[in-house]
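Here is a short briefing on backbone geometry and domain layout. Please look over the sequence and the model first.

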Amino acid sequence: MTMKYFCITLLSALTLTACIQDDIVFDTVDPEVRISRAVDTIAIDSSYQFEAVYLNNVGVAELVDILWESSAPDVISIDNNGLASALQTGSATISASFSDGTTLVRDEVEVHTGEETVAQAIERSGVIQTTTFYQLEGNFTIEQVDNDLLIEIADDYVASSALPGLYLYLTNNPTTIANALEVGPVQVFEGAHSYTIPNVNINTYNYLLYFCKPFTVKVGDGLIE
Amino acid sequence: MKKQIFLITASILLSLQVQAGGPWPQAAGNGFFKLSEWWIVFDQHYTDEGRIDPNVTTGIFNTSFYGEYGITDRFTGIVNANLFSRNYMNNLVSNTTGETLQAGEAINTIGDIDISLKYGLTAPGNRFPLAVTLTLGLPTGKVGGGTQGNLQTGDGEFNQILQIDGGTSFKLGRNTNSYVSGYLGINHRTKGFSEELRYGLEWGIGLMESKFWLIGRLNTVESFKNGDTAANTTNTSIFANNTEFAGVALEANYYLTDRWGISASMAGAFRGEIIAAAPSYSFGVFYDLRR
């Protein structure tokens, strides 16, 4: 009888120690302001609405008062809401900034004036790199195709096929999939391939993030330049 | 479309317990029974290239029953059952904001059950006994548990292990009993898992007039790497196959009475592929019908 109670007590105690606890993720990133909607040339005597987003110290967008400025307000003026007007021939640096009292973050673009408004031709690119001992590498480019985002992974891409449940995300915080956009499961482990993500602006995210769902751990990333 | 999930460590170490007893079948009517708790908590694992990488802290706790019974002097029936198995993963919490980024989860179910039949190839009392064992691994545990499908208490596949054991017993000095044994086995797996080669050595020494037994084990699992991987299946939730492992284990058994005793052990891999990189522990009570 004593042995029976000993067994029950021991097994109960050991089972109760199997409790869910916390793993701490060091997810701080540098806050930034990013001009998310820009233009290359504004037609003289017309206007263009710039947009910017402030990303906080975990890469999440926050609503703040962005300060818009023009380096040449007699060429291109801009109001507090980011509405720019092209006044005469020339160029100006349009900047968006925010200060939380201790840190000033800023982004800027070079804008010209001309006979017609010309959209900004943007193609971004980067290099995928592993952050573990699993093989993951390759170059990629990103471009805006109408309202969709096209990610093209280059032919030099290779990923370990031993990786369980590998997923691709777009994110502004490369340490976690919290607040990230899931692109989908990785189905190609070698060579060129592409992903099309509907209704995503090319300037919304700064990183590709490769994440192993079963192990809940980051495998690699790619800074989008 | 197949969905295959493997248990990183528990299934391997659980089935390794089947090797307890080596090439000595139980005599008819004799038996050995043990109720124990086995557990492992790990926050890193061996990669496919044998390097060590981190993962979310994961725990596996198994309440197991192990029993051997001599059906005849040559045939021994063996059951190794995970009566209660718990698998959990920790919360991921932001160091910056304190928010829970990803909630941890747990499942609690019955685990996998192994049923074995051991046959003594040599007659009882032979100085160099040989025995062959057939083990059937029943997938009674749960696979794909939790909202991410990454919690499990079983490997989800029916496997068969054919193993041969050999050994000998001897005395160290005047009164100290000892034995050595070795085994070689093939694990045939289903549902796209790779076959495995298993082998190991065991050395046991009985101290205090065989009231206290110390056992050391060296166990190895080599994968034939002939199963499915994430590269050749359309289901990207597949867990990688081809686990390999070489590890050592130390077990201590102490007889409190002629028949009842307590047992403790720990084991760890010194090299591996796709396996937890942390020691496992076990503690339990046993009943020896042989005495």
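A residue is called buried if 20 or more other C-beta atoms lie within 10 Å of its own, exposed if 12 or fewer, and partly exposed in between, with C-beta atoms placed from the backbone. This is a predicted model: local features need pLDDT of at least 70, side-chain atom pairs count only at pLDDT 80 or more, and totals for chains, interfaces and linings use all residues. Residues are numbered from 1 along each chain as its sequence is written, while chains are lettered from A and ligands numbered from 1 in the order in which they are written.

**Positive phi in chain A**
- A:Asn199 is not a glycine, yet its phi is positive, about 55°.
- A:Asn199 sits in the loop between β19 (193-197) and β20 (207-212) of chain A.
- Strands (E, at least two residues) and helices (H or I, at least four) are DSSP runs, numbered from the N terminus.
- A:Asn199 counts as exposed because 8 other C-beta atoms lie within 10 Å.

**Positive phi in chain B**
- B:Met208, also not a glycine, has a positive phi of about 55°.
- The loop between β11 (196-207) and β12 (212-223) of chain B holds B:Met208.
- With 11 other C-beta atoms within 10 Å, B:Met208 is exposed.

**Domains of chain A**
- Chain A splits into domain 1 (32-119) and domain 2 (123-223), with bounds from an automatic or database domain assignment.
- The C-alpha centres of domain 1 and domain 2 of chain A are 29 Å apart.
- Six residues from domain 1 of chain A and seven residues from domain 2 of chain A make the contact (C-beta atoms, placed from the backbone, within 7 Å).
- On the domain 1 side of chain A, the residues touching domain 2 are three nonpolar, two polar and one charged.
- Nonpolar covers Ala, Val, Leu, Ile, Met, Phe, Trp, Tyr, Cys and Pro; charged covers Asp, Glu, Lys and Arg; the others, Gly among them, are polar.

Notes: Contact = placed C-beta atoms within 7 Å.
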